[in-house]
Amino acid sequence: MDIVISGLLLGGAYALVAMGLNLQYGVARIMNLANGEVLVLGGLAAFWAFVSFGLSPLLTLFLIAPLAFAGSWAIYALFLRPLVKRAKSRGQLEVDTILATFGMSFFFVGLMVSLQAEYFTYSFLAWPISLLGSTVAANRLVAALVAAAIAAALYLWLNRSRSGLAVRAVAVSPGSARLVGIDVGKVSALAFSLGGMVTALGGCLISTFVTLDASAGVLFTMKALIIVIMGGVGDIRGAIIAALILGLVETAVATIVDPGLTLVAAYAIFLAVLLFRPQGLFGRRSA
Amino acid sequence: MNRRMFACAAAALALSFGLSHGAKAETPIKLGMVAHLSGPLAGGEAVTHLPNVQLWLEEVNAKGGLMVGGKRRPVELVQYDDKTNPAEHIKAVQRLATQDEVDFMVAPYGTGFNIAAAPIYAKYNYPMIAVTAITDEIHELTAKFPNMFFTLGSTTGFVEGATRTLEKLRSDGVIGSKVAMVNVADAFGIELADVAREKFTAAGFEIVYDKSYPLGTPDLSPVVKGAKAADPDAFVAWSYPPDTFALTEQAIIEDLQVGAFYTAVATAFPAYAGKFGGAIEGNLGAGGVNPETDAMKAYRKRHQEVTGKAPDFWASATYYSALQVLQQAIEGADTTDREAVTAYIKNNAFDTVIGTIKFDAHNNSERYWSVGQWRNGHFVAVADTGMGDSVAPVAKKGWK
Amino acid sequence: MSERLKLALGVLIALAAAFVPLIADGYWLSIAVTIMMYTALSTSWALFSGPTHYIALSTGAFYGIGGYLVATGMSDFEASFWTMAAIAPLVAIILAGAIGAATLRLSGVYFVIFTLGLAEMIRNLVSWVQNNFLGARGLYVLTDFDERHIYWMLLAVTVAVFLFGWLLGRSRTGFALRILGNDEEVARHVGIDTARTKILLFMSTGFFAALVGAIVAPRYYYIEPNVVFSPELSFLVVIMALLGGTRHLWGPLLGVVPFTMLWEAVSAAAPNATTMVLGAAFLMIVYLIPDGITGLAAKLIRTRSPS
């Protein structure tokens with residue numbers, strides 16, 4: 001039981017890491033290598049608000065959301081749209097965005113180092129809660145619950161609303177979406193900004209139980225890439241299920257086998273999934 | 001015509017300024033530093049190294065600089081960022097040595113970086129007073145690089161400190177013989193755990209839980225749950241900063257009841273107490289200082305005043321001491337000739353904020369604190385090598 | 001330019017490069033070592049990724065295998081540097097062969113991230129093995145090499161990479177690769193064993209990366225598994241190669257040299273904000289030089305010559 005509960009909570013945290021990138025890469029076709037840095041920025045904001053003003057990270061969430069959305073929109077409009085416009089093929093866009101977002105990740109790290117060079121560490125909701133006979137940390141539980149709420153909201157929006165339909169259409173085929181009168185540029189910007197927002201919110205929550213520092217982003221970027229690819233590009237369900245699988249596998253291996261092998265097991269599962277389903281769990285075969 | 005006159009006048013003015021300026025101030029002594037301003041070790045560098053260099057420069061330059069050849073020469077810092085990348089580090093040290101031609105350098109943060117940079121320091125005769133470098137190869141390294149000095153102790157010295165602390169607690173009846181031990185699977189953690197396995201067993205402790213976890217593990221709750229299930233009397237973690245924080249938080253959440261709780265790097269950081277407050281009363285960790293000496297009190301006060309933050313309770317003071325050694329050696333040798341300064345370091349004793357530093361035949365200072373314990377907001381040394389002023393450890397009593 | 005002339009030019013440049021340590025010392029030599037290392041890595045990376053369009057993020061894993069095997073061999077098994085430097089690339093070749101065979105089904109981004117995940121798995125596995133089964137008193141690589149020796153060894157590897165690339169370009173396999181690079185379907189129809197060709201090339205990148213890792217290990221003296229298995233290195237190699245362009249054998253070289261110099265210039269000019277300025281400089285390059293340096297060079301040549 002311990003394994004299931006801890007595993008699901010960790011999976012929830014992973015979902016926070018990966019959902020944003022899933023939108024950015026799956027819909028807007030931006031392979032965002034600065035994703036982890038945006039997450040750490042969210043964590044830095046939470047840390048700063050908590051230490052300076054005693055503001056609860058749960059309140060900071062509401063401040064971060066509009067800022068991160070607007071910031072991501074600006075990044076998309078200023079830096080990424082020109083790349084999308086000039087790209088002659090999907091391959092070239094991929095190369096260009098990898099190079100550009102790699103540069104951005106450096107910039108963000110430098111920015112954060114100049115703001116706070118030491119570890120962002122504080123204590124929030126660090127008390128035990130008994131859940132079905134298992135002891136869990138309150139901050140992890142809260143993060144997992146918020147992750148579930150965000151996932152549910154995204155899922156409903158994508159599947160029940162007109163704008164969500166447009167987003168899904170662009171995810172499947174930008175070319176065809178354009179033919180049916182969808183403003184692909186706007187939808188991509190929307191997906192990218194939402195993705196940035198979700199990632200920053202994730203960072204805000206994760207900072208309550210993981211000690212971050214300005215350079216920690218790359219770890220999260222790699223985790224997010226793995227999860228998005230394992231789930232299948234462009235499907236929000238895939239990312240969530242992949243995140244939960246990783247959480248459960250890591251916790252099970254740490255508890256039953258050896259904590260030293262947790263990450264090995266996580267990557268082994270990822271590799272195995274791709275070997276049996278080269279397009280990821282929920283991915284579509286590329287045309 | 002007018003414009004020309006003006007230019008001439010301006011040049012003359014600038015010249016006279018330059019001359020009078022040059023006549024007053026002596027040529028500065030250039031001090032080189034390659035820091036990890038970003039990357040995995042940047043957090044530790046920002047706590048332990050950077051503020052001390054700032055403090056030392058402030059102190060030295062307030063007096064007008066270092067006294068060499070009957071004149072005070074100000075010290076000027078030339079600093080580069082290596083992004084915690086050893087290849088970049090080597091290049092930056094080379095640049096300091098051959099392009100900037102700095103007079104002296106301060107040692108980098110981290111064992112691997114000290115060893116990687118040592119050949120370059122040796123090649124250009126820079127004395128290297130390593131602080132945050134803990135290894136059991138001190139004799140081999142100093143034989144190969146005779147201008148390299150060690151100040152913070154050896155791997156075995158550290159483990160022996162921890163072993164003695166546990167033995168003392170056991171003989172006081174605070175703990176039994178069951179130890180749960182975990183380590184981060186990186187060079188530092190692997191080495192310490194390996195030595196500890198041997199020393200703990202030799203001292204009659206039974207290691208009931210012995211696991212490693214990878215660098216960057218996001219959830220350490222299975223580790224703490226596993227350790228708790230083994231029902232240990234003491235918990236020892238050879239950990240890095242992020243996991244030191246995470247393990248302690250999990251121990252609080254799991255209410256891990258042990259008579260001794262030890263975490264390694266970052267336990268001595270002020271941020272550790274800042275995060276956990278009173279819950280960490282009685283926690284053990286790597287380092288510790290004697291906060292009672294006048295020199296240490298004055299140092300801690302100045303550090304707070306100049307840098308705006310408190311120093312850590314471990315390598316901060318030692319790093320500042322290494323700068324003091326350099327300062328006294330330059331002034332004592334009365335030259336910026338590096339070979340003379342290195343010889344001076346080898347042959348003299350130095351008065352520093354951690355007491356007297358005197359290097360042995362292997363360029364090693366066998367005076368260091370190895371285990372600290374949080375008591376009332378101070379992280380007090382409870383085990384040492386050669387210091388002789390640590391206090392007896394006490395039981396860890398719960399997490400309230 | 002005829003092939004013969006190109007070859008002669010290449011030999012000349014290599015000879016000139018061999019004399020660098022005799023004139024450059026200290027700082028400039030350490031830059032030359034960096035350039036040589038990344039040239040070997042990026043060029044051999046591009047030999048595989050250029051024609052196949054597979055972006056492999058596994059360089060760090062092979063490089064790490066080279067560095068780690070040398071370190072553990074010398075520290076834990078008292079082997080000589082030369083033995084380990086010979087064994088490491090062979091291990092990497094076998095591993096690369098297995099990986100190649102397993103991953104051919106993957107395409108595009110799935111391959112990219114697969115190699116990243118694989119590298120991370122190897123890194124953690126090695127740390128775990130080192131932790132639990134090997135003498136763990138630190139991995140020291142103590143040799144008598146200095147920067148010059150390392151430079152010359154890297155130069156030899158770089159020359160070997162170029163020679164390999166040049167011979168490849170003239171061979172049947174190279175011809176097959178060009179077809180494969182243009183259209184995999186066509187390649188298959190004309191009877192090219194695309195799978196075999198790709199795997200062989202992937203093995204060659206693994207071989208060279210491990211060799212470079214092994215040669216560079218003595219430079220650091222003390223090896224930490226988490227440092228040598230560097231994901232950052234994998235990204236940098238890709239970035240430099242893409243910057244230079246992967247269509248020509250000498251493309252990555254044109255990425256490595258300016259990238260390293262820019263990096264140095266930024267570190268010197270903005271020591272307290274290196275990372276930030278580097279990021280900004282990087283963005284500028286992407287926007288101002290859209291086709292990489294080779295693209296820029298080609299454009300310049302085209303505008304110069306009236307034809």
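Colleague: How many residues of chain B are in contact with how many of chain C?
Modeller: In this predicted model, 32 residues of chain B contact 26 residues of chain C.

Colleague: Which elements of chain B give two or more residues to that side?
Modeller: Those are strand E4 (75–81) and helices H4 (86–98), H5 (111–123) and H8 (187–202) of chain B. The largest share comes from H4(B), with 9 residues.

Colleague: And how do the residues on that side of chain B divide into nonpolar, polar and charged?
Modeller: The side of chain B that touches chain C has 14 nonpolar, 9 polar and 9 charged residues.

Colleague: Switching to chain C: what is its secondary structure?
Modeller: Chain C has 15 helices and 2 strands. Its radius of gyration is 20 Å, close to the 19 Å that the globule rule gives for 307 residues, so chain C is as compact as a globular protein of that length. The C-alpha trace spans about 65 × 50 × 40 Å along its principal axes.

Colleague: What percentage of chain C counts as buried?
Modeller: Of its 307 residues, 53% are buried.

Colleague: Let's look at helix H12 of chain C. How many residues does it have, and what is its reach?
Modeller: H12(C) covers residues 231–244, which is 14 residues, and reaches 20 Å from first C-alpha to last, close to the 20 Å expected.

Colleague: Why is H12(C) described as largely enclosed?
Modeller: Because 12 of its 14 residues are buried, the rest of the structure largely encloses H12(C). Among the buried ones are Pro231(C), Leu236(C), Met240(C) and Gly244(C).

Colleague: What comes just after H12(C)?
Modeller: Gly245(C), which takes a positive phi of about 105 degrees.

Methods. Residues numbered from 1 in each chain as written. Chains lettered and ligands numbered in written order. Predicted model: local features only at pLDDT ≥ 70, side-chain atom pairs only at ≥ 80, totals over all residues. Helix = DSSP H or I, 4+ residues; strand = E, 2+ residues; numbered from the N terminus. Rg over C-alpha atoms; globule rule 2.2 N^0.38 Å. Buried ≥ 20, exposed ≤ 12 C-beta atoms within 10 Å, placed from the backbone. Contact = placed C-beta atoms within 7 Å. Nonpolar A, V, L, I, M, F, W, Y, C, P; charged D, E, K, R; others polar. Expected span 1.5 Å × (residues − 1).
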